[in-house]
Amino acid sequence: MTRIFSGVTPSGHLTLGNYLGAIQRWVSVDQHRSPHPEDSLFSVVDLHALTTEHEPARVRRLTRQMATLLLAAGLDPKVCTVFVQSHVEEHTRLSYVLECTATDGELRRMIQYREKSAKQQTVRVSLLTYPVLMAADILAYRTDEVPVGVDQAQHVELTRDLASRFNQRYGHTFTVPRAVLPPVAARVMDLQDPVSKMSKSAAVTTGTVSLLDEPAVIRRKVMRAVTDSGSEVEYDRAERPGLANLLEILAACTGGEPAALAAEYDSYGAVKKDVAEAVVELLRPLQERHSALCADPGYLDEVLRDGAERARALARPTVDAAYRAIGLL
Ligand code: TRP
């Protein structure tokens, strides 16, 4: 049996990049890996949204929106467990114990911490300790596999180190998990800056397609995507990153191959038109289900309540065991 855990931080609107890079796989593959809903856990990790300047009302709104979108995308509460991190106190309970296992030096070496802290005037302590909370998210469930983007690989590596160190010092308590990275082609880049990842926390949003963008907005963003000078349509990730990104998006939406698709076009404009329509069609059913779910808020409340209950029951014995092992009465 393989238990899977992954999380998404409500730090912005979910993008096409989040969908094609991660969520689509959670829906089509990950949630079905095991017949038990307890073995596929997906969490909206709201505590992680508080590590940098935040607006309480926005975090609350985004948390709900993300949970709704995960269901709209096809995560099925009968097949997997969907919950909000802060509803399950075991995460913070375990995080403290893991803070007593991690060192200051290893947290300061985390690339994301170095990049994010360098950009800020005041740095919240939680930005430094956030990978420990992430380790707690994963270890509380004795997770085997963590599907994440490459930017999170270092944090999963830290999680492995903490699990092994704890087990060695205090007796076997945690499963040592492994990261499962998406294929390279699943990395959607920013439409205005095709060498950077399409991110939900981007300041400028003309290069990011949000999952809830209206068709007209999607078309406009795609038609204005930065492409490279040159006129033949060829797939070349290094030399023509803008066009390559569009071809990859088209390939992901239609199930084709970027290089083969390139051969079917003789102008950038025609590529963009087809990409825009493909994205609109890809997101249409998701957006329809999202509206339907929004019309029935009680359903989401129920799903999240059940999810939290199930998650709590799973995490509790492991966190209790860690408390006993480390010397708490
Ligand atoms: N840090 C992850 C991100 O920014 C989100 C996350 C938090 C996560 N806890 C997790 C992902 C546990 C996987 C497992 O994308």
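In which loop does arginine 142 lie? Please describe that part and what surrounds it.

Guide: The model is a predicted one. Arginine 142 lies in the loop between helix 6 and strand 4. The phi angle of arginine 142 is near 50 degrees, a positive value in a residue other than glycine. Most residues other than glycine have a negative phi. Arginine 142 is partly exposed, with a relative accessible area of 35%.

The loop also holds tyrosine 141, placed between helix 6 (125-139) and strand 4 (145-147). The ring of tyrosine 141 pairs with the ring of phenylalanine 5: the centres are 5.5 Å apart and the planes stand at 15 degrees, so the pair is stacked. Planes under 30 degrees apart count as stacked. Phenylalanine 5 belongs to strand 1 (residues 4-8), so this pair ties together parts that are 136 residues apart in sequence. Both phenylalanine 5 and tyrosine 141 are buried. Together with Phe83, Phe5 and Tyr141 form one aromatic cluster. Over the whole structure, a search finds 6 aromatic pairs.

Glutamate 145 lies in strand 4 and is buried, with a relative accessible area of 10%. The side chain of glutamate 145 makes a polar contact of 3.0 Å with the side chain of arginine 33. Leaving aside neighbours within four places in sequence, glutamate 145 is in contact with Thr2, Arg3, Ile4, Phe5, Arg33, Arg178 and Val180. Phe5 is thus a contact of glutamate 145 as well as the stacking partner of tyrosine 141.

Threonine 81 is buried, with a relative accessible area of 0%. The side chain of threonine 81 reaches the backbone oxygen of proline 37 at 2.8 Å. Beyond neighbours within four places in sequence, the contacts of threonine 81 are Pro37, Glu38, Ser40, Leu41, Phe42, Gly307 and Arg310.

Helix 6 and helix 5 (111-118) each supply at least two residues of the lining of the largest cavity. The lining consists of Gln112, Tyr113, Lys116, Leu127, Tyr130, Pro131 and His155. About 30 Å³ of space lies in this cavity, and a search of the whole structure finds 1 cavity of 30 Å³ or more.

Two other features can be set beside this part. The second largest pocket has a volume of about 280 Å³. It is lined by 16 residues, of which Leu20, Gln24, Pro183, Ala186 and Ala252 are the closest to its centre. Helix 1 (16-28) and helix 9 (241-254) each supply at least two residues of that pocket's lining, and helix 1 gives the largest share, 5 residues. Finally, an aromatic ring also takes part in a contact with a charged residue: arginine 93 lies over the face of tyrosine 323, at 4.4 Å from the ring centre.

Definitions and conventions:
Residues are numbered from 1 along each chain as its sequence is written. This is a predicted model: local features need pLDDT of at least 70, side-chain atom pairs count only at pLDDT 80 or more; totals for chains, interfaces and linings use all residues. Side-chain values use heavy atoms; hydrogens and water are left out. Rings of Phe, Tyr and Trp (its six-membered ring) pair if their centres lie within 6.5 Å; planes under 30 degrees apart count as stacked, over 60 as edge-to-face and the rest as tilted. Helices (H or I, at least four residues) and strands (E, at least two) are DSSP runs, numbered from the N terminus. Buried means under 20% relative accessible area, exposed over 50%, partly exposed in between (1.4 Å probe, protein chains only). A charge sits over a ring if NZ of Lys or CZ of Arg is within 6 Å of the ring centre and within 35 degrees of the ring normal. A polar contact is a pair of N or O atoms within 3.5 Å; within protein, one must be able to donate a hydrogen and the other to accept it, and residues adjacent in sequence count only if both atoms are side-chain atoms. Contact means heavy atoms within 4.5 Å. On a 1 Å grid over the protein atoms alone, a cavity is a set of points where a 1.4 Å probe fits but cannot get out, and a pocket is an open set with protein on both sides within 12 Å along at least five of seven lines; lining residues have an atom within 4 Å of a point. Grid points are joined across faces, edges and corners, and a volume is the space filled by probe spheres set on the points.
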